[in-house]
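Me: I have a structure to go through, and I would like each label set against its cut-off. Please take my questions one at a time.
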Amino acid sequence: MQPVVDPQETAGSMTDRVCAIALRERAFLWWWLLMIPSAALSGLLVAAVFWLFYAGVGIWGIDWPVMWGLAILNYVWWIGIASGGTFISAMFFLVRVEWRTSINRIAESMTLFAAACAGIYPILHLGRPWFFYWLFPYPNTMTLWPQFRSPLFWDFCAIFAYVLSSILFWYLGAMPDMASMRDRATRRGQQIFYGVLAMGFRGTAREWRDFRAAYAVLAAIMAPMVCSVHSIVGLDFAGAQTTGWHSTEFPPFFVFGAVLSGFGMVLFLILPLRRLLRLESFITARHMEVLARLLLTSSLCLAYAYIMDAFNAFYTGDVSERIFFHDRISGVYAGVYWWTLFLNIVVPQLLWWRRLRLNQPLVWLVGLAVIVGMWLERYGIVVVSLHRTKLPSAWGNYAASFWDWATLAGTVGLFFTGMLLVVRLVPILSMFEMRELLANARRQG
Amino acid sequence: MSGVLAAFADEAALEEATMRLSLVPACRLQTYTPRPLEDDPPRSRLPLVILLAGMLSAAAIFGMETYADTASYPLDIGGRPLFSWPSLVPMAFEGGALAAVAAGFFGFLIANRLPHLHDPVDESEGFRRATRDWYFLAIRAPDAAALAEALSILDELHPELVEELPA
C-alpha cells in the first residue's frame, strides 16, 4: 500500500510548504488565468440576479406544466456536490482513516461554496424573494405560521442549518492553522489578517483538549446532518403527487447521487491542485486510489437506485407511471436518461482496474463525467417528470432560457471564485492534523 | 512573578520537562504545542454542553411546532390529525443540530477566553515555532528561588531555547 504522506516530510517542512502557498506575495499565473473567467462569470450571476429581481421569474423558461426548471435542478445538483465534502471531512474523521487528513480542507471548502451556490436558488425561485423571511417562524402581525408539515419547509430548515453548520465546522477546523499562518507571516497586513482569524489560538493544553472534543462532536453531528439534508431534498419531490416523484426510495436515492457527485468534484479539484501547488508528497497515489474506489462504490449504489426506479414504474401498476417511464426512455428527453446512465453508471466502471485508477487524466475525466451526469439526472427528475403530468391535456415541454443558463454559469463562476480565494488565502491542508499523521508515521516507521 | 519560556524539539522531551518541573513548588506551567498531545488529558466538558444545547433546542422547536399546529393556528389538511408529530421531527432535528454545532463553536471560544489577540508569550520571537514544530513550556515562578530551581532543572534537560518571559 502506498503511503499517505512522503516519509521525507517533517512537521516543520510540511508547515513551511503549506504556509508558503498562501503567504506568497504574488499569486501564480495559473491562478489569475482561472480567476479572471471565474470572476467574470460571478459578474454574470450578479447581472442575472438583478434582471430576475427586476423582471420576475418570467425571464426563465419555466411555464405550465414545468414550473420547476433549471433553478431547482441546479439547487439539487449543488447541494449534492456540497455533501461529498462533508462526507469526507466528517464521516471519515469519525472512522479515523488517515488519508482524509490531507484532503479534508479542500473537501470542506468545496462544501462551503457549493452549499452557498445551492442556497441562493430557492430564494431566486420564490417569485417574491423579498418575502423570503416569511419562511422563519417569527412572531408577526399576520398571526401566521410556516407550514411545519411541508417537506419544502423542512428543506428550508435543513439548508439553513447545513450552510451555517458547515461554516462553523470549517472555521473551527481551520483555527489552529490560521495560528500557524499568523506566526509564519512576515508582512504586517498578513499578520493582522491571520492574527484576527486565529483569534489568539496558541495551542495551550486546554485549548487542544477542548478543541479536540468539540471538533469530534461536531463531526459526529455533521455526518448524520448531511444525510438528513439530502434525504429532505429527496422528500421535496417524494412528498408531491407527481408522476415519477412519489416514491419512498427518493431519500436514499438522493443521498447516493449526492455522494457520487461530491466524490466526483473532490477528484476533479484535487488532481489539478496537487500538481499546481506541488502537493504530491501529501496528496499521494493512495488518495486517488481510495477516492476512485469510493466513487465506484457510490456509482454502484446509484445503479441500484436507478434499477429500483425503473422497477417501481411497473410495480405500482399505475398507468401514468408506465406512460411516463416509456416517455423517459424514448420520448423527446430520452437523451437525458441515456446520458445519465452512461455518465453515472457506465463510465465509473472503468475504475475497477487499478491501472486506470492511477491514471490521473482519466480519473479527472471520470470525475467530470459524473458531475455532468448528476446534473442530467436532476434534469430528468425535475423536468422530465413534470412535462408528463397525470392529465394528458396538461402535457408540455420545457426549454431553459438564456437567463437560466446564465444563472447556472454564474454559480459555476461563484464556486470557482470561492475555491480560488481559499487556495490563495487559506492553508490548503489541515496542518495540525498532518503533524499528528507525521508523528504517528514516525512512531510506527 | 517572573517566568521563563523553554522550547523542546519533541513531545517526549516536553513531557519529561513538565513532569520534573511540576515538582517545583508554586511554579505554574503552561504548554504550547503544534498539535494535540498524546497523553490523556482531563476530559473536556464541551461535549456535555453541546449535547444539552442540541437536546434543549430540539425540544423547544418541537414544542413551538406543536403549539402552532394544535393551538395557535390549527389547519385541517385532508383530515389528518393536528398533532401529526412525525412531520415535526425534521425541523426539530435540523434546528437542534444547528444549535449543537453553534454551542460547540462558541463554547470552545468562551471556555478558552478567545479571542485573545495578545499574550506576553507573543513577545518572544522564537515562540512563533510553537505553531510549527517546537513544543513550548512557559514556567511562571513566584520568587527568585523557585525560578533558579526551575532554571537549574531546565539546564539538565537541554531545551532548544530558553528565554525570559516578560511579566
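Me: What makes up the secondary structure of chain A, helices or strands?
Reply: Chain A of this predicted model has 15 helices and zero strands. Helices here are DSSP runs of H or I with at least four residues, strands are runs of E with at least two, and both are numbered from the N terminus. Residues are numbered from 1 along each chain as its sequence is written, while chains are lettered from A and ligands numbered from 1 in the order in which they are written. As the model is predicted, local features need pLDDT of at least 70 and side-chain atom pairs count only at pLDDT 80 or more, whereas totals for chains, interfaces and linings use all residues.

Me: What are the elements of chain B, and why is chain B called more spread out than a compact globule?
Reply: Chain B has four helices and four strands, in the order β-α-β-α-α-β-α-β from the N terminus. The globule rule gives 15 Å for its 167 residues, but its radius of gyration is 26 Å, well over that, so chain B is more spread out than a compact globule. The C-alpha trace spans about 85 × 30 × 30 Å along its principal axes.

Me: How many of the residues in each chain count as buried?
Reply: A residue is buried if 20 or more other C-beta atoms lie within 10 Å of its own, exposed if 12 or fewer, and partly exposed in between, with C-beta atoms placed from the backbone. On that count 49% of the 445 residues of chain A are buried, and in chain B the figure is 35% of 167.

Me: Why does Phe62(B) count as partly exposed?
Reply: Phe62(B), in helix α2 of chain B, has 19 C-beta neighbours inside 10 Å, and therefore counts as partly exposed. Leaving aside neighbours within four places in sequence, Phe62(B) is in contact (C-beta atoms, placed from the backbone, within 7 Å) with Leu88(B) and Ala92(B). The C-alpha atoms of Phe62(B) and Ala6(B), 56 residues apart along the chain, are separated by 53 Å.

Me: How do you know that α7(A) and α3(B) are roughly antiparallel?
Reply: Axes are lines fitted to C-alpha atoms, for helices over the stretch in contact, and angles between N-to-C directions run from 0 to 180 degrees. Under 35 degrees counts as roughly parallel, over 145 as roughly antiparallel, 65 to 115 as roughly perpendicular and the rest as oblique. The axes of α7 (residues 205-238) of chain A and α3(B) cross at roughly 160° and come within 10 Å, and the pair is therefore roughly antiparallel. Residues making the contact include Phe211(A) and Leu218(A) of α7(A), and Phe93(B) and Val101(B) of α3(B).

Me: Which element gives the largest share of the side of chain B that touches chain A?
Reply: The contact takes in 50 residues of chain B and 48 residues of chain A. The largest share of the chain B side, 16 residues, comes from α3(B).

Me: Why do Arg113(B) and Thr143(A) count as exposed?
Reply: Arg113(B) has 10 C-beta neighbours inside 10 Å, and so counts as exposed. Thr143(A) has 8, and so counts as exposed. Arg113(B) lies in the loop between α3 and β3 of chain B, with phi near 50°, a positive value in a residue other than glycine. Thr143(A) lies in the loop between α4 (104-125) and α5 (151-184) of chain A, and its phi is near 50°.

Me: Which peptide bond in chain B is cis, and what is its omega?
Reply: The bond joining Leu114(B) and Pro115(B) is cis, with omega about -5°. Pro115(B) is in the loop between α3 and β3 (135-141) of chain B.

Me: What is the confidence for chain B?
Reply: On pLDDT, the predictor's confidence in each residue from 0 to 100, chain B has a mean of 91, and 97% of its residues reach 70 or more.

Key
Rg over C-alpha atoms; globule rule 2.2 N^0.38 Å. Contact = placed C-beta atoms within 7 Å.
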